[in-house]
Amino acid sequence: MKPSHSDPAVLDGAPSQSESRAMSAAASFKSDFLRTMQARGYIHQITHPDELDAAAAAGTIVAYIGFDATAASLHVGHLIQIMMLRRLQKAGHKPIVLMGGGTTRVGDPSFKDTQRPLLTDEQIQANIAGIKQVFTNFLTFGDGPTDAVMVDNDEWLSKLGYVQFLRDYGVHFTINRMLTFDSVKLRLEREQPMTFLEFNYMLMQATDFLELNRKYGCVLQMGGSDQWGNILNGVELTRRVDQKAAFGLTTPLLTTASGAKMGKTMSGAVWLNADQLSSYDYWQFWRNTEDADVGRFLKLFTDLPLEKIAELEALEGAQINEAKKVLADEATTLVHGADEARKARETAEKAFEQGVLSADLPTFEVAAADLEAGIVLAALFTDAGLAASRGEARRLAQGGGVKVNDAAEADANRTITSADLVEGVVKLAAGKKKIVLVKPV
C-alpha cells in the first residue's frame, strides 16, 4: 500500500490536517482494532486515520512501540503502551516490542528539564534483561503471522556511520521544524540547555520506524502523546524515503482524576517486575484507585468486557470498593498471575477487614538494637514508606490517620520500642489503605 499524494508534509509543516481528521473518523472505524481502541479510550491522535482503518480492516498489520532501557523494570506508567500491543494482537495483528538499546545511549529529551543520566553499555543490557520479563505475561511470542517479536534498535543504530547517517536521513529534517516540537521548545522556553546529543534523538527514533518497515513490514508506531512529534518524524521519513505507508497513533496523557501522574506514589514508581515490587503492593496500588477513575482504568488495564465494566462503573457509595477489588484482581493477574492476585486480595482483606497479621504483608526491617533503644514514630513512618516526610507523618497522626498495632496514635513524636512488638512485629497503618509490619533483625 502506497501513501496517497495528499498526505500532509508533516516534517516541514504543521500536522493539523491529520490531527483534525483523527477524531472525526473515530465514530465510523471499520476495523476491529481501531473500534476497540476507541471504545476503551486509548486514542488521542492518529495520522491518516482513514488509511490506517482500511489497512487494519483488510488484513494483518504490523505495529511497534519502543521502550528505552532507563531502568531494570518498566512501571505502571508504561502499562498503557503494553496494553495497546496486547489489544493489537488480540485484534489479529502483529506487535513488535522495540528495545531501545541504541536510543538509550542518547536519552529521550521529551518533557525533561535536564539531560538524562548516560548509562554504560553494561547497565543498558542489564536493564533490557529486566524489562523483557514482563512482556511474556501480555503477548504471545513466536514465528506466526500475528506472534509478537522483540528486537533491539542497537542492531542498526550502532552500525550507522555518523556521516552516512546525516547524508541518508539528516537531509529530510529541518532545524526550523525540529524547534517547533514540544520536546525541544519547552526545554528552550525554560532556558534549560539541550545538548546536541539529545537533539539527535528524534532523528534516531525516526530511523527506527524506517528500519522496522523495511525488515518487518511495520506500518504503525504507537506511543504516548508526549511522543507525537517523534512519531510524526518516523511516519514522514518512511513515506518520503521509501514511499511506503506509515501511520502514527498516540494515547492521551494519563493522569488520575485528581491530576496526579499515573503510576507515581508517595514511595516511588509502581514497578511491573516482581523483584522490584511485590504482588501485594501492586494489588494495593489498584485497590487504592480514586472512585472517578475506576471505569476508565477497567477499560484500559483489564480484559473485562465493556458490558461488565459498565455494571461495575455504575456502582455507588461503598459498593464502588468492590469494583476497585475487581480492578486490582484483574490488573494483578495480568502482571503476576491469578494465584498471586488471589493471595494479595486475601492478605489485604485479612489485614484491613479482619485485623489479621499475615506474612505476605509488606515488611520493613530495623536493627533490633535500634528498636530496643527506641525509634521516633514519625521517622519510622517515613523510613517505612508510609509518609513522604516526618512532617507529613505528624499531620497524618493529628488527623487520626496513624495506627500502631491497630490503635490510633495522635502523637507522631512518641517512641516505638521493642515493648510495642506483637507476635514479633509492630504493625503500622497509614489511613485505611497502607500497612507495614516493622520487623527487628
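**Close-up 1. Side-chain contact between Lys325 and Glu349.** The side chains of Lys325 and Glu349 are joined by a polar contact of 3.5 Å (a pair of N or O atoms within 3.5 Å; within protein, one must be able to donate a hydrogen and the other to accept it, and residues adjacent in sequence count only if both atoms are side-chain atoms). The model is predicted: local features need pLDDT of at least 70 and side-chain atom pairs pLDDT 80 or more, whereas totals for chains, interfaces and linings use all residues. Residues are numbered from 1 along each chain as its sequence is written, and side-chain values use heavy atoms, without hydrogens and water. Lys325 belongs to helix α16 (residues 320–336); helices are DSSP runs of H or I with at least four residues, numbered from the N terminus. With a relative accessible area of 6%, Lys325 is buried (under 20% relative accessible area, 1.4 Å probe, protein chains only).

**Close-up 2. Burial of helix α13.** In helix α13 (residues 279–287), eight of the nine residues are buried, and the helix is mostly covered. Among the buried residues are Tyr280, Tyr282, Trp283, Phe285 and Trp286, together with Gln284 and Arg287.

**Close-up 3. Packing of helices α11 and α12.** Helix α11 (residues 201–216) packs against helix α12 (residues 228–242) at an angle of about 50°, and their axes are 8 Å apart. Axes are lines fitted to C-alpha atoms over the stretch in contact, and angles run from 0 to 180 degrees between N-to-C directions. Residues of α11 that meet α12 include Tyr201, Phe209 and Arg214, and those of α12 that meet α11 include Ile231, Leu237 and Asp242 (contact: heavy atoms within 4.5 Å).

Terms used
Helices (H or I, at least four residues) and strands (E, at least two) are DSSP runs, numbered from the N terminus. Buried means under 20% relative accessible area, exposed over 50%, partly exposed in between (1.4 Å probe, protein chains only).
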